Each structure stands twice: as structure tokens, then as C-alpha cells.
Amino acid sequence: MAKLTIVQAVNAALRNELAKDKSVVLMGEDIGVNGGVFRATDGLHADYPDRVLDTPLSEAGIISTAFGMAVNGIKVIPEIQFSGFMYGPMEHIYAHIARTRTRSRGRFNVPMVIRTPYGAGIRALDLHCESGEAIFTQTTGLKMVIPSSPYDAKGLLISAIRDPDPVIFYEPMRLYRALKEEVPDEEYTIPLGEANVVQEGSDLTVVSYGAALRDAIKAVSQTGYSAEIIDLRTVIPIDTETIINSVKKTGRCVIVHEAPKSCGLAAEIIARINEKCFFNLKSPPERVTGFDTAVPFAKLENYYLPNEKRIIKSLNKVMAQ
Amino acid sequence: MVKKVIKTFEIEYLQVMDTEGKVDESLMPKLSDEQITEMYETMVLCRTFDDKGFNMQRQGRIGTFIQFKGQEASQVGSAYALEEKDWMVPMYRSGAAMITRGFPLIMLYQYFSGDERGMKVPDNINMLPMAIPVGTQSPHVTGLAMASKIKGDGAVALGYTGDGGTSKGDFHDALNFAGVFKSPAIIICENNQFAISVHRKDQTHSETIAQKALAYGIPGIQVDGNDIFAVYKATKEAVDRARAGEGPTLIENYTYRRPDHSTSDDAKKYRSEEEVKEWAAKDPIDRLRKYMMNKGILDDAKNEEIISKAKEKVEKAVEEYEKVSEPDPEDIFKYTYAEMTPNLKEQLEDLKD
């Protein structure tokens with residue numbers, strides 16, 4: 001057992017799967033000798049030169065060729081350097097990767113994991129800070145995972161790689177090196193589609209995922225409320241059951257995410273709460289999210305992020321009734 | 001200061017058989033009489049299928065139908081060069097290539113009637129479902145080929161695109177990645193002169209599509225797409241090179257789309273009927289028949305037999321197609337994920353209620 005950061009945990013999961021399964025292939029820009037711009041693939045090319053491939057600089061080229069590889073028996077793990085560059089390949093993701101299982105009536109699985117760092121808060125450049133998960137939630141046929149801790153990152157990534165369906169694996173850039181925790185050396189998996197109750201509580205339910213979850217935890221700790229904190233971990237499919245069971249108990253809910261507000265994950269979660277436990281609610285659910293704007297540059301990004309101040313405001317609001 | 005020519009290029013054009021069915025024996029690919037007969041039978045079957053599909057659409061018996069009439073040599077000749085383990089990636093106008101690989105006729109009629117059961121590629125055929133967004137399939141060919149190279153299974157991948165498809169970034173990605181990774185990929189551009197109404201000259205200022213290969217450091221050739229021997233020869237050589245580890249090839253099959261873009265289109269709006277007639281005179285099936293008759297491989301009686309056998313097969317497919325039961329609404333949910341998610345289970349229950 002060693003203390004690892006999220007980026008080291010990602011590396012450990014990739015290394016584990018490369019060693020275990022000869023059909024695992026990594027591809028992307030600068031992921032080979034350079035080890036990736038965040039070093040997520042550091043050292044892997046040295047050990048697996050034929051299966052850790054530096055590609056030409058074309059996100060659409062990476063994802064479209066990866067699709068062909070996946071259909072032909074390769075468990076391919078392409079990296080897109082920043083999630084803001086996911087939209088060149090989007091036609092392939094939407095029309096082929098997410099849809100080929102349906103289009104071939106189950107003949108072909110597309111077992112690929114698209115890894116990409118997402119989110120604001122590291123003073124990066126324009127279009128290097130997006131949270132685009134809602135774009136993928138309507139891309140039916142995909143799964144999508146967003147870890148918030150090193151332990152989860154390793155277990156979820158191994159599960160994603162072994163999953164027969166295509167998975168978008170969003171890595172929280174802001175947390176890449178922000179926290180360390182004990183991560184077992186040996187392999188383990190965390191099932192996709194299952195949320196994690198980070199902390200039990202009785203006053204209210206806080207639902208979040210990825211980097212925003214850390215802000216939510218900090219915000220809760222500054223109040224005296226007994227909050228049940230749920231880390232979604234998988235945003236497609238959403239673990240509705242865990243959320244509903246919690247809201248039935250607490251009657252109050254705050255959802256926190258970095259992505260824009262309208263039609264974001266929070267909107268869907270509130271819709272499910274309304275459908276399944278509306279009469280258990282003691283106050284209207286709140287959402288603390290990014291705005292329906294472009295992510296601002298570094299000087300203003302902390303206003304955009306669902307910071308502790310904004311989260312506490314919503315916690316107080318749901319508790320006021 | 002130095003100013004000099006550092007590279008010059010050439011592009012080959014290949015025709016083995018002229019419109020009268022005369023061949024240049026020195027260019028003739030190695031094919032037995034049986035193989036040539038099989039190619040002819042397949043082309044006749046494809047044409048019969050295509051004509052029937054058009055008629056059925058006009059009679060309201062199937063939905064929007066995409067014809068490939070006139071492109072049989074381009075598709076049958078290229079698909080014929082593949083081995084069973086090889087991959088083929090069709091697009092919506094690749095019906096003849098699909099039939100050559102054994103795709104059931106009935107399933108194509110099902111597909112064009114809005115029945116998704118027609119889209120399942122039979123387990124014994126290495127082929128993707130036909131691509132609908134123009135051009136996206138080309139880099140998939142490269143990826144399939146890259147996988148075969150990594151696995152070392154000796155298979156190659158071949159896919160079709162059109163002249164319109166060469167305008168997409170995907171065409172660039174396909175050739176660029178294929179070149180860099182030396183993947184055993186063959187991209188066939190069926191240059192049929194039209195992308196719906198836009199003429200080939202308005203897709204690219206390049207004199208040929210074949211020459212685009214040179215920018216990627218890979219071989220490119222233009223062939224007479226209505227000459228099945230030229231198509232077969234160019235494809236077979238590309239397949240052999242790919243299998244031998246020598247990398248990808250771009251082949252431009254120079255041909256013509258005689259039908260409308262689809263049964264929803266009216267090509268009279270943008271091209272002359274004289275032009276269509278000129279190309280009908282270069283018909284690929286007529287050309288091969290003339291060759292076979294001259295060679296004594298085929299006579300009128302045998303020809304009639306081939307035509308009536310094709311009609312029989314097509315009629316049988318139509319008969320079966322019209323007897324197919326309605327699909328089950330549960331099918332909508334069944335294939336989205338390897339295992340149905342709780343959300344989908346709930347939505348399926350809603351539908352059943």
C-alpha cells in the first residue's frame with residue numbers, strides 16, 4: 001500500500017491492465033515517451049512500447065481510429081489531452097462509438113475508455129477548463145465515470161477498462177495532485193453505476209462528484225448540519241436508488257457540480273427526486289453549479305466554480321424550511 | 001540560396017478492359033474462368049436486387065432506397081479481392097460490396113424499410129454496419145487495420161467512401177494515421193462524380209482524388225471503376241501489399257452514379273440526361289459480358305440462366321421480406337448496453353404499461 005495522488009492512481013490502473021491483458025492499448029498525444037502532459041502515462045511507454053502509442057495531433061483521428069480498434073478486439077484507451085477538445089471527435093462518439101452496439105444489434109461491443117482531464121481551477125488556458133458531462137448524458141450508449149479520490153480513480157478505471165461498453169472517464173484536473181491517500185498495490189475494482197455514501201447524515205443530502213465533491217465536503221464541515229454526502233462516481237448511469245433512499249430519509253437535497261446549470265446533472269437528479277420522493281421533501285432542492293456561460297479565464301474562475309461560500313448559502317437555504 | 005525541385009510525383013491510371021470488353025492481356029489479373037463467371041453472376045445479382053429495390057420503393061413496399069446501379073464493378077471487383085478474415089467497412093451506397101461478402105439480400109430490404117434487424121451483420125462476416133454520416137467510416141478502416149496489425153492476425157481492412165467523403169477531415173485522419181502506423185488499410189474512393197447534387201469538381205480542386213495519397217506518403221491509383229478487372233487488380237495488389245506489411249493504399253474508382261442520390265432525390269435538377277446516357281453506355285456488366293462472350297466463357301443460354309437465377313434469388317428475398325413479422329418494441333432497449341441499466345429497465349416497463 002502506498003499513498004498516491006489521483007494521477008498516480010490512474011497510472012497504476014493503466015499499468016495493471018497493460019500487464020494483465022495483452023489486448024490493452026493506450027493511444028494519444030504525447031502519452032508515449034513524454035508520459036502525457038499530466039504524466040498520467042509516465043513510464044508506461046518504456047515498458048510497453050508497442051501498446052502505448054503516440055499519435056498524430058488529431059483528436060478526431062485518435063477517437064475514430066480507436067473505434068475501429070475497439071471493434072476489432074483491442075481494449076483501447078485513448079487519451080484526449082483536455083476535455084475541451086472532445087468535440088472534434090464528437091461525431092464518432094455520437095454516431096459510432098455510443099451507437100454501434102445498437103446498430104449491430106449486439107454483434108459488436110465497443111470496449112473503449114476515453115480518458116480526459118476536465119474542470120477549472122488550475123489557472124489553465126481558454127478551453128482547457130470545461131465540464132462537459134451533460135453533453136454526453138444524451139449520447140445514449142455511453143457510460144461516464146468521474147472519480148473524486150485516488151482510491152476510487154484506480155478501482156473505477158480498472159472497472160471501466162474491463163467494461164464491455166464505451167466509457168468516458170473524466171479525470172478531475174484540479175484534484176490530480178491535490179490529495180494523496182492509501183491505494184492498494186494489488187488490483188481491485190469498484191462497480192460502475194454505484195454511488196458512494198462518503199458520509200452519513202440526517203439533516204440533508206448533498207449530491208456531488210469529481211472535483212466539486214471536495215468543495216462540498218469542505219462546505220459541509222463549516223456548518224453544524226448532519227449532511228449525508230453522496231459521491232455519484234458514475235454519472236451515466238446515475239445511481240438513482242442511493243439518492244432517493246437518502247432524500248427519503250433527510251427530506252432535503254443540495255446538488256453541487258461545476259458544469260453549467262441548465263439541463264445539467266443536477267436538473268436530472270431533481271427531476272428524479274420529484275418523480276420518486278416529492279412528498280418526502282421538506283424544502284425545494286437546491287443546485288450549486290457553474291453558470292450558463294463560458295468558463296471564465298483564471299482571474300474569474302473562482303467566481304464560476306461552486307465555491308464553499310455558494311454551497312453554504314444553499315445548505316442554509318434548504319435547512320431554513 | 002538554393003531553389004530546386006525536391007520531389008516530383010506521378011499518378012497512374014489503370015484500365016484493363018475497354019468498353020467493348022477487349023482486354024490488355026499484359027495487364028490482366030490472374031483469375032480463372034470460374035472466378036470471372038462468379039464475378040459476373042454477383043454483378044447480375046446485385047443489379048437485379050438494385051432494380052427491384054427501386055421498383056419496390058416506387059410501389060410503396062419499402063422506404064427510402066439507395067441505389068448503386070452502375071457501380072457494380074467498383075464494388076464487386078474490390079470486395080472480391082478480400083479474404084474471409086479481412087474487414088470491410090461499407091457506407092450507405094455499398095450494397096453491391098455487401099452482397100459480394102454474403103450479406104443477405106432480405107436484410108438490405110429490411111434495413112431500407114426501417115427494420116433494424118436488417119442491420120445486424122451476420123456473425124461470419126467481418127463487416128461494420130453501413131455508415132450513414134458521410135466519410136466517418138474511413139478512419140474506422142484505419143483503426144480496424146491497426147488492430148489486426150497489433151494482433152498479428154494477418155487480416156487487412158478495406159472501406160468505401162465517395163468523392164464527397166474526401167472533403168471531410170475524416171478522410172485526412174484515415175490516410176494520415178494509416179500512413180504513420182503503416183496499417184494494412186485500403187481506402188476505396190468511389191468517385192461517382194456526385195455528392196447528391198454537388199459535382200466532383202466542386203469537392204476538391206485536385207485533378208484526381210488518387211493524388212491525395214501522395215501527401216500521406218502512401219500509394220494512390222486511379223482506376224476505371226467500370227472495369228471490374230482493373231478494380232480487382234488494383235485492389236488485389238493493395239491487399240497483398242497490406243498483408244505483406246507494406247502499409248495502406250488509396251484507390252480512386254472513377255465511375256458514375258447513374259441513379260438519383262436516393263429515391264427521395266431528383267437528379268434531373270442538376271445534371272443532363274445525356275450525361276447519364278453516356279455513362280449507361282459504359283455499363284460495367286455489359287462490358288464484362290462482352291468479354292466473356294468473346295472469350296467463350298459465356299453464351300446466350302448460360303447468360304439467360306444466370307439472369308433467371310438472380311431473379312429467382314431476389315424474388316425469394318422479397319417474398320421472405322414481405323412475410324417478416326413486426327419487430328418487438330423491446331428491441332429499442334435491448335442493445336444499448338451489454339446489460340440494461342436500471343433507468344432503461346424502468347423506461348421499458350413504462351412502455352409496456
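How many bridges join strand E13 (residues 253-260) of chain A to E14(A), and do the two run parallel or antiparallel?

Author: The model is a predicted one. In it, strand E13 of chain A is joined to E14(A) by four bridges, and the two strands run parallel. Within this part, Val256(A) has Val288(A) of E14(A) standing opposite. A helix also packs here: H12 of chain A, residues 308-319, touches E13 and E14 as well as strand E10 (204-208) of chain A. The direction of this helix makes about 170° with that of E14(A).

The pair belongs to an open sheet of five strands in chain A, in the order E9-E11-E10-E13-E14. Although E13 and E14 run parallel, the pairing in the sheet as a whole is mixed. Strand E14 (286-290) of chain A is one of the edge strands, and strand E9 (196-199) of chain A is the other; each pairs on one side only. From one strand to the next, the twist averages 25°.

Strand E7 (residues 220-224) of chain B and strand E8 (residues 249-254) of chain B pair in the parallel sense over five bridges, and Ile221(B) stands opposite Ile251(B) in E8(B).

The account now turns to the contact between the chains. Chain B contributes 46 residues to the contact and chain A contributes 42 residues. Together the chains bury about 3,600 Å², of which 60% lies on carbon and sulfur atoms. On the side of chain B, Phe177(B), Tyr335(B) and Tyr337(B) lose the most area to chain A, together 19% of what that side buries.

The elements of chain B that give two or more residues to the side touching chain A are helices H5 (137-151), H6 (169-180), H11 (331-334) and H12 (342-352). The largest share of that side, ten residues, comes from H5(B). By class, the side of chain B that touches chain A has 24 nonpolar, ten polar and twelve charged residues.

Four salt bridges are found across this interface. In one salt bridge, the side chains of Asp123(B) and Arg107(A) meet at 3.9 Å, N to O. Lys168(B) forms a salt bridge with Glu91(A), with the closest N and O atoms 3.5 Å apart. This pair crosses from the loop between E3 and H6 of chain B, which holds Lys168(B), to helix H4 (residues 90-97) of chain A, which holds Glu91(A). Over all chains, a search of the whole structure finds 43 salt bridges.

Definitions and conventions: Residues are numbered from 1 along each chain as its sequence is written. Chains are lettered from A and ligands numbered from 1 in the order in which they are written. This is a predicted model: local features need pLDDT of at least 70, side-chain atom pairs count only at pLDDT 80 or more; totals for chains, interfaces and linings use all residues. Side-chain values use heavy atoms; hydrogens and water are left out. Two strands pair if DSSP finds at least two bridges between them. Contact means heavy atoms within 4.5 Å. Buried area is the accessible area (1.4 Å probe) that two parts lose on being put together, summed over both. Ala, Val, Leu, Ile, Met, Phe, Trp, Tyr, Cys and Pro count as nonpolar, Asp, Glu, Lys and Arg as charged, and the others, Gly among them, as polar. Axes are lines fitted to C-alpha atoms, for helices over the stretch in contact, and angles run from 0 to 180 degrees between N-to-C directions.
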